[in-house]
Amino acid sequence: MNWIDLRSDTVTQPTPAMREAMARAPVGDDVYGEDPTVNALQQRLADDLGFEAGLFVPSGTQSNLLALIAHCQRGDEYLVGMDAHTYKYEGGGAAVLGSIQPQPIVHAADGTLPLDAVERAIKPIDPHFARSRLLCLENTWHGRPMPLDYLRDARALCDRRGLALHLDGARLYNAAVAQGVPVRDIAGHFDSVSVCLSKGLGAPVGSVLLGTHALIDSARRWRKVTGGGMRQAGILAAAGLHALDHHVTRLADDHARAARLAQALHALSGIAVTSQHSNMVFIEVDGERLDELKQHMDAARIRLSIGTTPAIRLVLHLDVDDDGVQRTIAALQAFARR
Ligand SMILES: *Cc1c(COP(=O)(O)O)cnc(C)c1O
């Protein structure tokens, strides 16, 4: 029996067609700006999202880091969610490498940052304070797309208070598909956007940062400084282009499967479904049964990220089909009956 891996949408294997596109890709030295496939990917995303320029980078962490360093100077600060990836899960890179101070904001229940709290956290211009420079949002948030009118209001606040606005859009395409809008309707509110190709889109490696020519020129310099300048990277960019052509509309299948999974789990005792949005389902299991659940799911050849807290995230992606969803439901039903 094959393994079903619901830990993350980063675990996907490149499809045979994607591998073929990678093998065929024309390449050049991208540090010289001469890789035609990288250039095509950057231009494609810039056009789709409505930006002047794009930059292909090895990871979403680096993409966000380059954005923060390009927007902020030493001694500036960025306002960011207390549990946001850019604050909590990127090794403190903005502070470590950019001398940029984070100002964490407590999230509302839906993951948004309450704009009155954001506004209260903006520092007066005074030598006592770091210079508030940038607001950073994350969309989707635990699978949940941010409401479009929230984005509009965040943009208005940034305009009024002179902040730039960055989006960690690791799962921007999930948000757009879930809301039934073109990606540019979301991206258009931001000064810069980071998009992951290696999450739901199913490419093996890479993210793209989008912004103005000036911002991307600065980010390109910092990409080199942080060791992210790759040479014949078109082999990787080709996977991204293939994903944009073939793996966007199918995200709706992942969302439908996540909804079906959540629906089936609602009925089970001992498993509480706490949320389902786009490709993610969150459940909670009695903390004392976590080891038992892990063993039970391992025996069924299903991987879940089971840590030390009762909350468990199940993520649907390219490599989990209807049969995989059925097997997961059956295994969790059997666990609930134990
Ligand atoms: C995965 C992810 C990133 C970037 O992660 P990398 O593993 O560095 O590519 C950034 N933000 C969010 C919300 C993510 O889920």
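Which helix gives the largest share of the shell around the ligand? The legends below begin with that one.

**View 1. Helix H3 and the shell around the ligand.** Helix H3, residues 60-71, supplies three residues, the largest share of the shell. Helices here are DSSP runs of H or I with at least four residues, strands are runs of E with at least two, and both are numbered from the N terminus. This is a predicted model, in which local features need pLDDT of at least 70 and side-chain atom pairs count only at pLDDT 80 or more, while totals for chains, interfaces and linings use all residues. Residues are numbered from 1 along each chain as its sequence is written, and side-chain values use heavy atoms, with hydrogens and water left out. To look around the ligand, find Ser59, Gly60, Thr61, Asn64, His85, Glu90, Glu138, Asp168, Ala170, Arg171, Cys196 and Lys199. By type, the shell has two nonpolar, five polar and five charged residues. In this grouping, Ala, Val, Leu, Ile, Met, Phe, Trp, Tyr, Cys and Pro are nonpolar, Asp, Glu, Lys and Arg are charged, and the others, Gly among them, are polar.

View 2. Of the 380 Å² of accessible area that the ligand has on its own, the protein covers 81% (Shrake-Rupley method, 1.4 Å probe).

**View 3. The sheet of seven strands.** This open sheet has mixed pairing and the order S2-S8-S7-S6-S5-S3-S4. Two strands pair if DSSP finds at least two bridges between them. Strand S2 (53-57) and strand S4 (101-105) stand at the edges with a single partner strand each, so one side of each has no neighbour in the sheet. From one strand to the next, the twist averages 20°, using axes fitted to C-alpha atoms and angles from 0 to 180 degrees between N-to-C directions. Strand S5 (residues 131-138) and strand S6 (residues 164-169) run parallel and are joined by five bridges. Glu138 has Asp168 in S6 as its bridge partner, and both residues belong to the shell around the ligand.

View 4. The bond from Asn139 to Thr140 is cis, with omega near 10°. Thr140 lies in the loop between S5 and helix H7 (148-161).

**View 5. The sheet of three strands.** Now follow the order S9-S10-S12 across an open sheet with antiparallel pairing. Its edges are strand S9 (271-277) and strand S12 (311-315), each with a single partner strand, so one side of each is left without a neighbour in the sheet. The twist here averages 25° from one strand to the next. Strand S10 (residues 280-285) and S12 run antiparallel, with five bridges between them. One place to look is Val281, whose bridge partner in S12 is Leu314.

**View 6. Ser278 in the loop between S9 and S10.** Ser278 sits in this loop. Its phi is near 40°, a positive value in a residue other than glycine.

Terms used. A residue is near a molecule or strand if one of its heavy atoms lies within 4 Å of it.
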